[in-house]
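User: I have a structure open and I want to learn how to read its features. Can you take me through some of them?

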Amino acid sequence: MIRHDIPALILDRRHFLRSGMAVFGAAGGLSSGLAGCATPDPFASVDRLARDAVQAGQCPGVVLAIGHGGGIVHRYVYGARALVPVREPESWDTRFDMASLTKPSMTALAVMQLVEQNRLSLDEPVATILPDFAAAGKSDITIRLLLTHYSGLPPDIALTDPWQGKAEAVRRAMQSVPATPPGDRFVYSDVNFITLGLVVERLSGMPLETYVQHNILDPLGMTQSGYRPGRSLTPLIAPTQFDEHGLMLRGVVHDPTARRMGGVAGHAGLFSNAHDMCLYAQSLLDRLAGRPSAFPLRRDTLALMTSPQQPAGKTDLRGLGWDISTHYSTPRGAYFSPRSFGHTGFTGTSLWIDPPSDSYVIILTNRVHPSGGHSVVALRQAIATEAARALGLDAPRPVATSVTRG
C-alpha cells in the first residue's frame with residue numbers, strides 16, 4: 001500500500017523517508033517536501049535534471065516518482081501536459097500513453113498468470129495454441145522466446161501499405177517471416193507481444209483489454225488505468241503528436257500498429273498515471289519481498305519472471321517481458337543493482353525496479369509532443385543515477401549472465 005503521509009527528511013545509507021506533502025515551486029514544479037525546511041534536499045539534483053530537460057525542450061513536462069522502503073519517498077511534477085493548441089500545466093494525475101510499458105506490465109503478466117495456472121508452458125511452441133503461427137518456419141518458436149525477444153521475428157508488422165483492422169494485423173503476424181533462427185540473438189520485436197496478446201485471448205476466451213481489467217487492474221486497484229480511455233478523460237491525458245492526417249493524438253494510442261488494430265494490442269495501448277504505476281511497482285516489490293501484496297502472481301512466479309530467461313550463453317539479458325541488461329537498460333543508471341529490471345515506452349515513459357534496495361523510479365513524459373520530440377534516454381539514466389545516490393546506494397557489481405529456468 002502506498003504511504004502518502006511519510007515522516008519528513010530522515011536519511012541514512014539504509015533508509016530514507018520523505019514527506020508526501022506537496023509544495024508548488026515558482027517555476028511550475030510540484031515536489032514532495034516541506035516548505036522552508038533548512039535541511040538540504042537529497043533529491044534536489046533529480047529535480048534539477050527534470051527541470052533542465054523541460055527547459056531545454058527535450059519534453060513538455062515530467063512527472064516522476066521514487067519509491068523506497070515501502071512507500072513514495074519523492075515525487076516531482078514540472079512543465080506542461082500539453083503545448084498545443086494551448087499550454088496546459090503538468091499534474092500528478094496526468095494520464096500518459098504508456099506505449100511499450102504495456103508489454104511487461106500487462107501482457108507478460110497475463111501470460112505468466114496462465115503459466116501459473118498450468119494453462120500454458122513457457123517452452124511450449126506458440127503454434128500449439130495458434131496453429132496459423134507455424135507458417136514461414138515458425139513452428140519451433142516458443143512462448144519463452146517471444147517473452148525474451150529471442151524469437152527471431154522482425155521488429156514490427158510492415159506499415160508501408162494502408163492496412164486496417166485487427167484481423168489483418170493477426171494475419172500479418174501469423175505470416176511474419178523470421179529474420180534470424182529462434183534463439184540466435186536478441187531482436188526487440190512488437191510482433192512478439194502482438195502474438196502473446198493473441199495467446200492470452202485464445203486461452204482465456206476474453207478480449208485482451210477485458211482480461212487485463214479483470215485480472216490485473218482490478219486486483220491491483222489501478223482505477224486510473226486502462227485501454228481506449230473515454231472522452232471524459234481527455235482533459236487529463238497528455239497528448240502525443242500529430243497523426244498522418246494532421247490530428248493531434250490525445251487519448252488515442254500513439255503506436256501506429258496498435259492504432260490500426262483498434263487501440264488494444266499486446267505490445268502497446270495502456271494509458272496510466274504516476275499514482276497507478278506506483279501502486280503497480282510497490283505491489284510488485286512487496287510480493288518479491290514476501291510482504292502482504294495484491295500483486296496477482298505468486299512470489300516464485302514473479303521471481304522467475306524478473307530473472308534472466310534468455311537462451312544459454314547469450315549476453316543480452318532479458319526476463320519474461322522485463323529488460324535486465326541490454327542496450328535498452330539505461331534507466332538503471334549507474335548504481336541500481338544487477339538484479340534490477342524495468343522497461344521503457346517510446347512516448348517517453350519508463351519504470352525501473354531494484355528489489356535489493358527496495359526501490360523504484362518512474363519517469364513519465366510525452367517527449368514526442370507535439371511533433372516527434374527529442375530523446376530522453378540520457379535523462380532517464382541521469383535521474384536513476386541521482387536517485388540512487390540520494391538513497392545512499394553503492395556502485396553495483398557487474399551484471400550476472402546466468403539464466404534461471406522455470
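Analyst: Let's begin with one pair of residues. His-68 stands opposite Ser-359 in β15. Keep in mind that this is a predicted model.

User: Which strand joins β15 there, and how many bridges are there?

Analyst: Two strands count as paired when at least two bridges are found between them. Here strand β5 (residues 61–68) is joined to β15 by six bridges, and the two run antiparallel.

User: How many bridges link β14 and β15?

Analyst: Six, and this pairing is antiparallel too. Thr-349 stands opposite Leu-364 in β15. β14 and β15 form a hairpin with four residues between the strands. In that hairpin, Asp-358 has a positive phi near 55°.

User: Is β15 mostly covered or mostly open?

Analyst: Check the accessible area of each residue. Buried means under 20% relative accessible area. In β15, six of its six residues are buried. Ser-359, Val-361 and Ile-363 point one way. Tyr-360, Ile-362 and Leu-364 point the other way. Both sets are buried.

User: How do I look for empty space inside a protein?

Analyst: Rolling a probe the size of a water molecule over the atoms shows where empty space is left. In this model, a search of the whole structure finds two cavities of 30 Å³ or more. The second largest cavity holds about 30 Å³ of space.

User: Which residues line the second largest cavity?

Analyst: Its lining is made of Pro-331, Ser-350, Leu-351, Trp-352, Val-361, Ile-363, Arg-380 and Ala-384. β14 gives the largest share, three residues. Val-361 and Ile-363 belong to this lining, and in β15 they point the same way as Ser-359.

User: What does an open sheet look like here, and in what order do its strands come?

Analyst: Follow the pairing from strand to strand. Three strands form an open sheet in the order β8-β10-β9, with antiparallel pairing. The edge strands are β8 (96–97) and β9 (226–227), and each pairs on one side only. Two bridges join β9 to strand β10 (residues 270–272). One partner to find is Leu-270 in β10, which bridges to Tyr-227.

User: Now a helix. How far does α8 reach from its first C-alpha to its last?

Analyst: Compare the reach with the expected span. Helix α8 (residues 274–289) has 16 residues and reaches 22 Å, close to the 22 Å expected at 1.5 Å a residue. After α8 comes Gly-290, which has a positive phi near 80°.

User: Why is α8 described as largely enclosed?

Analyst: Count its buried residues. 14 of the 16 residues of α8 are buried, so the rest of the structure largely encloses the helix.

User: How many aromatic pairs are there?

Analyst: Rings pair if their centres lie within 6.5 Å. By that rule there are six aromatic pairs. Take Tyr-188 and Tyr-328: the ring centres are 5.3 Å apart and the planes are at 50°, so this pair is tilted. Tyr-188 lies in the loop between α4 (166–175) and α5 (190–204), and Tyr-328 in the loop between β12 (323–325) and β13 (341–345), so the pair ties together parts that are 140 residues apart in sequence.

User: Are those two tyrosines buried or partly exposed?

Analyst: One of each. Tyr-188 counts as buried at 18% relative accessibility. Tyr-328 counts as partly exposed at 33%.

User: What kind of pair do Tyr-280 and Phe-295 make?

Analyst: Look at the angle between the planes. The ring centres of Tyr-280 and Phe-295 are 5.4 Å apart and the planes are at 80°, so the pair is edge-to-face. Tyr-280 is in helix α8, and Phe-295 is in the loop between α8 and α9 (299–305), 15 residues apart. Tyr-280 is buried at 0% relative accessibility. Phe-295 is buried at 2%.

User: Which residues form an aromatic cluster?

Analyst: Tyr-150, Phe-186, Tyr-188 and Tyr-328 form one.

User: Where is Thr-306?

Analyst: Thr-306 sits in the loop between α9 and β11 (317–318). Thr-306 is buried, with a relative accessible area of 10%.

Conventions
Residues numbered from 1 in each chain as written. Predicted model: local features only at pLDDT ≥ 70, side-chain atom pairs only at ≥ 80, totals over all residues. Heavy atoms only, no water. 1 Å grid on protein atoms, 1.4 Å probe; cavity = no way out; pocket = protein on both sides within 12 Å on 5 of 7 lines; lining within 4 Å. Points joined across faces, edges and corners; volume = space filled by probe spheres on them. Buried < 20%, exposed > 50% of the residue type's maximum accessible area, 1.4 Å probe, protein only. Expected span 1.5 Å × (residues − 1). Phe/Tyr/Trp six-rings, centres within 6.5 Å; stacked < 30°, edge-to-face > 60°.
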